[in-house]
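Morning, everyone. Please have the model open on your screens while I talk.

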Amino acid sequence: MAGDASESGVPRAKSARWIELAAAINSARTAYYQHDKPTLSDDEYDSHFHELLALEQDWPQLQSGDSPTLSVGGRSSEMFNPVEHLQRMYSLDNAFTSDELAGWLSRVERGINQVPEFLCELKIDGLAVDAVYVDGQLRSLATRGDGRVGEDVTYNAHFIPRVPAALRPPKKGAMPSLLEVRGEVFLPIATFSMINEEQLAQGLSPYANPRNAAAGTLRQRVDRRQEELRLAEQSPTTGERGAAKIARLRAELDLSITRLSGLGLTVHGIGVVEGFEITRQSQGYEFLKALGLPVSNLARVESSYEGVREFISYFGEHRHDVEYEIDGVVIKVDDLALQGQLGETARAPRWAIAYKYPPEVVRTRLLDIQVNVGRTGRITPFAVMEPVKVAGSTVSMATLHNAFEVERKGVLIGDMVFLRKAGDVIPEVLGPVVEARDGSERPFAMPTKCPACGAKLGPASEGDKDYRCPNARTCPAQLRERLSHVASRGALDIEGLGEKAANALLDCGLVEDEGDLFSLAETDLLTCEFFRREPGKGEDRPQLTENAKSMWAQVQSAKARPLWRVLVALSIRHVGPTAAQSLARAFGSIDAIAAAGVAELAEVDGVGEKIAVSVHDWFREPWHQMVITKWRAGGVQLVEKVGESRSAELAGLVVVITGSLAGYTRDSAAAAVTGRGGKVSGSVSAKTSLVVAGENAGSKFDKAMALGVPVVGLAGFEALLAKGLDAALTTIN
């Protein structure tokens, strides 16, 4: 119908949607670039932008000169003086799938009639900046802004150690008379977490990502704060009020400078330059590095599409092995002449693209806060949210740890919240989007009775932040959790005894508690519908399912597990694999551990007073002793076998394992070290004795080399296990 289209021929619904998307994108850009407070998650923004692009491709009449698809996106604020970049700073087009990446690679190949070499580098989640050096001295540091004009933050650069105030004279050639470089100012992950803790403590929204935190840190008017402090100190006004004001101003200034000093910088581009010539971008990076500018040592030139894909895949798996957050990989044509041949669009170069990983921080609605009862009686609040896709999977629940954590984060039921899921880490609510509240939100109240058994809840002891259900013996929720824990990989590792099987054992009355597990006869399982199947052809009675047979066989095998695994399986508070192995080595039997006093237990390396008290108190509980008696009667091995984990040939060694080792899982490799008395750490430091680097080892390898920590491969690891550290070190090339 004619009434359904505008004069341009575009359907009115399409025009209205274009206007809606353009307004949302422009509003989000203002909040993101000028106020460092995003109103859309990265995923939402990218979705809007792609929909707008698709609309304009289908209906070119919609695209106008002020379309968001034709502009870089940022804009300088009035807080800082404007700085015009010597050469325009572009944004980057994005690829989110292998097909989109393949499409870009094909367009590049067609544009230059060859397969070029590609420079691959990490896409840092930071703030794009432009630095200009004249005769080796820093003249200006500016934010990207709209790509042509940015904000002058040069004054703040003096407090950032990683931004060189003067370049280092090159060993070959002369210092360039003019050098414009582009880079990314970022916050290391550890610093980002600390700043968000400070934000929450002040009742403010946490930063959604390190980019916003870095921007908020860099875009401070430190000069104004210094001037305000100077005037206050020179003011004739005295007294408590004047002293308090000076103290406040000094604290604010100190915090600003401290935060600035924690910023990092990585240079990843070159603008206008006078005084040297290069033909390849990677060659330019080498020159910038010689001048003392911070250039990533993880960038790599790939000569094939397959190499590009491998680079993307590797850092998709190791994105948390670097000091900063990354949200993708940038791929550039390395040859500068070919870059010029490909050219640019209105907003982005055709010779570069950003491959984006699935977002790890999104926004969603917190619908409710409920509680879960754990195996030690701990009451854990958890968030129930509108389902949202984050880090490649759909999430609808996330832990909130305890009531104090709910209060500390300031989340209310009904809030829009930032949700984070880094890799395989449990989803975490970062905090509320305070600006999005409309008054309908309500606070969470911790229940006063256990939702599983009705027992009165409260802290187990003074100073305990956790609420606990005191009905450990018969609380159904605790029973289910403890029985599942007995079978977990870190305890007795009983395959087939998962949550559903544990529920069936309890619901069918086959076990009263975990103590009855090892007294089960195979025929007992036939009385429970969950474990049996109807008779088949030639059978005259019900039979166990194959899963049930396998589970029962696994239960029998678990009776011979090492003593330390038995200790973990008992659900003694604070006792994990490390403490359990130390106790097993030191005492050799469950009876010796039960008879030991607190002081004797605390003397064991890796135990300490807190764990010692927990172990001592656990064995004083009569029904716990009953579990031990039942397990003993059921044939569970309660003494340490000779040559088992009592060996201590690696005692005192701290080992870091990175990458994949043929024949070992990460857990089995760690268990092989701890079982011989060594300790396994997740990070490399000066205290690390040895780094074992398998295939695809990440930044831990680089850090080990920088610190001079010995590094061995698979052969060295096996020599370590067989003959000790000296034998391992002889395998180093």
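Let me start with a definition. Rings of Phe, Tyr and Trp (for Trp, its six-membered ring) pair if their centres lie within 6.5 Å; planes under 30 degrees apart count as stacked, over 60 as edge-to-face and the rest as tilted. With that in hand, look at Trp104, Phe118 and Tyr305: they form one aromatic cluster.

Two words on where this comes from. This is a predicted model, where local features need pLDDT of at least 70, side-chain atom pairs count only at pLDDT 80 or more, and totals for chains, interfaces and linings use all residues. Residues are numbered from 1 along each chain as its sequence is written, and side-chain values use heavy atoms, with hydrogens and water left out.

Back to the rings. How many aromatic pairs does a search of the whole structure find? Eleven. One of them is Phe118 with Tyr305. That pair is tilted, at 6.1 Å centre to centre and 50° between the planes. It links distant parts of the chain. Phe118 is in strand β3 (residues 118–124), Tyr305 is in helix α10 (residues 305–317), and 187 residues separate them. Helices (H or I, at least four residues) and strands (E, at least two) are DSSP runs, numbered from the N terminus.

Is Phe118 buried or exposed? Its relative accessibility is 0%, so Phe118 counts as buried. The cut-offs: buried means under 20% relative accessible area, exposed over 50%, partly exposed in between (1.4 Å probe, protein chains only).

Now Tyr314 and Phe315. Their ring centres are 4.9 Å apart and their planes stand at 90°, so this pair is edge-to-face. Tyr314 is buried, at 16% relative accessible area. Phe315 is buried too, at 7%.

Next, the sheet. Four strands make an open sheet in the order β5-β4-β7-β8, with antiparallel pairing. Which strands stand at the edges? β5 (137–143) and β8 do; each has a single partner strand, so one side of each is left without a neighbour in the sheet. Neighbouring strands here are turned by 25° against each other on average, direction ignored. Axes are lines fitted to C-alpha atoms, for helices over the stretch in contact, and angles run from 0 to 180 degrees between N-to-C directions.

Strand β7 (residues 178–186) is joined to β8 by eight bridges, and the two run antiparallel. Two strands pair if DSSP finds at least two bridges between them. Leu178 stands opposite Glu274 in β8. Helix α9 (residues 281–290) lies across β7 and β8, at about 110° to β8.

Zoom in on Thr266. It sits in strand β8 (residues 264–274). Thr266 is buried, with a relative accessible area of 9%. Beyond its neighbours within four places in sequence, its contacts (heavy atoms within 4.5 Å) include Ile124, Phe186, Pro294 and Tyr324.

Last stop, two helices. Two packed helices are described by the angle between their axes and the distance between the axes. The axes of α13 (residues 476–486) and α14 (residues 499–507) come within 9 Å and cross at roughly 125°. That makes α13 oblique to α14. Here is the scale: under 35 degrees is roughly parallel, over 145 roughly antiparallel, 65 to 115 roughly perpendicular and the rest oblique. Who meets whom? Leu479, Arg480, Leu483 and Ser484 in α13 meet Glu499, Ala502, Asn503, Leu505 and Leu506 in α14.

Thanks, that's me done.
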